[in-house]
Amino acid sequence: MTHKFDVVVIGAGAAGLFCAGVAGQRGLKVLLLDHSEKVAEKIRISGGGRCNFTNRDVTPANFLSDNPHFCRSALSRYTPQDFIALLQRYGIAFHEKHKGQLFCDRSAEDVINLLLAECDAGGVTRWQPCSVKNIVKQASSPDDTCASSYQIHSDRGLIEAPQVVIATGGLSIPKIGATDFGYRIATQFGLRLVAPRAALVPLTFDGADWAPFAELSGLALPVLMETAPSDATPKQRKKAVVFAEDLLFTHRGLSGPAVLQISSYWREGQSVRMNLAPGQDLPAALLRAKASSKKLIANELASVVPSRLADAWVGNDPALQRPISDVPDKTLQMLAARLSDWQITPTGTEGYKKAEVTAGGVDTRDLSSQTLESRQPGLYFIGEVVDVTGWLGGYNFQWAWSSAFACAQALVKPDVTD
Ligand code: FDA
């Protein structure tokens with residue numbers, strides 16, 4: 001027996017659930033399937049269990065993509081305010097934490113239950129777990145009287161639909177069900193990919209440069225981190241973004257919101273740059289201290305950065321193991337310059353095991369920014385599988401809602417469905 005639907009949505013995460021619910025409520029016969037037993041595992045673990053479901057202040061500038069304008073249309077047609085209004089209709093309490101980031105007061109489960117209720121309201125059929133073996137496009141009839149459709153071979157039987165939405169996300173956190181399914185389907189149908197890479201991910205370091213800092217695990221401090229690499233061209237520098245966030249030293253390197261943000265821009269071999277004493281005129285502070293203090297440099301530095309960092313910074317360098325009054329101005333100026341523009345080269349990242357998202361994905365050149373339909377008629381891609389990656393702070397879920405909504409509006413009810 002062949003199961004016939006108007007649309008099959010593959011992947012019951014944030015984007016798939018939302019798209020299925022909206023399409024169902026528009027009167028389409030929708031099947032939503034996922035290979036995992038549970039839906040929306042990423043929503044469940046997001047925002048420390050409270051889901052940072054959007055950000056009050058969303059613009060295309062908060063997203064990375066080979067085409068930075070691609071996300072504009074979908075974001076403008078389903079905005080943070082629209083999702084907030086939906087939450088309010090369900091009576092879900094939320095609060096703003098930091099820089100416009102909105103979290104549930106109670107639990108991320110509230111967002112999952114809302115999405116499931118929206119699917120129920122749209123009469124969506126859900127199959128989980130259900131694995132897809134392959135998707136084949138049936139050619140339209142030679143006389144063109146029959147529209148072409150997709151045959152989906154699944155472990156619950158053969159499914160047929162004229163429209164298929166791929167919402168299987170990226171590669172991050174394979175242990176809760178992430179796969180490369182979306183990329184494989186895109187390639188099968190001749191669509192281009194922007195090479196996927198781990199993003200919003202801690203950076204790892206080793207070697208001599210890192211040795212003095214290896215003991216600082218657990219130390220956090222506010223920093224400024226700039227997206228432009230140290231060898232940036234003037235054009236890169238003009239477009240650079242500066243993140244004022246916390247940095248966290250870990251056993252293997254650097255993490256914390258500042259580093260997660262920068263990691264999405266970082267490429268292998270590049271250094272990362274940060275100001276470890278933002279808002280301070282360090283050269284002036286050290287020269288002032290020199291005029292009036294006999295303390296060791298590390299002790300003076302400890303008034304501008306955490307003392308563990310001050311000790312590590314001075315390290316075993318005999319030139320710096322001295323009272324500040326004995327140190328030449330030039331050395332102090334060099335010390336200040338290094339602290340306010342620390343450049344260090346990561347050896348890698350913690351990879352997909354720890355990455356919050358996957359940057360890259362289905363190339364937007366092969367997708368419509370209005371509908372998310374690909375060059376292959378009837379085949380759509382939404383959410384994280386697309387080459388649109390948000391900053392930390394609720395932007396990735398907003399992209400999931402906005403791209404899902406744009407797609408759901410574009411799906412059509414075929415004339416006849418058995
Ligand atoms: P998502 O990954 O949500 O869903 C994909 C679905 O497809 C999954 O249910 C999966 O099982 C299914 N699937 C995969 N392969 C399949 C296959 N072969 N067959 C069938 N089904 C398949 N963002 C944000 O804005 N605010 C936040 O607070 C957080 N916090 C956060 C914490 C952590 C730990 C992570 C890992 C990520 C976040 N994110 C986030 C990012 C956010 O979770 C992510 O961008 C969205 O969930 C993407 O939504 P999608 O629906 O595109 O993919």
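Entry 1: I looked up which element gives the most to the shell around the ligand, and found helix H13, with three residues. Helices here are DSSP runs of H or I with at least four residues, numbered from the N terminus. This is a predicted model, in which local features need pLDDT of at least 70 and side-chain atom pairs count only at pLDDT 80 or more, while totals for chains, interfaces and linings use all residues. Residues are numbered from 1 along each chain as its sequence is written, and side-chain values use heavy atoms, with hydrogens and water left out.

I counted 29 residues around the ligand (a heavy atom within 4 Å). The closest are Ala15, Asp34, Thr179, Glu384 and Phe397. By class, I recorded eleven nonpolar, 14 polar (Gly among them) and four charged residues (Asp, Glu, Lys and Arg).

**Entry 2: polar contacts.** I then listed pairs of N or O atoms within 3.5 Å. A polar side-chain atom of Glu384 is 2.7 Å from a ligand oxygen. A backbone N or O atom of Asn52 is 2.9 Å from a ligand nitrogen. For Gly47, a polar backbone atom is 3.3 Å from a ligand oxygen. I also noted that the protein buries 92% of the 990 Å² that the ligand exposes when taken alone (Shrake-Rupley method, 1.4 Å probe).

Definitions and conventions. Polar contact = N/O pair within 3.5 Å; in protein donor to acceptor, adjacent residues only side chain to side chain. Helix = DSSP H or I, 4+ residues; strand = E, 2+ residues; numbered from the N terminus.
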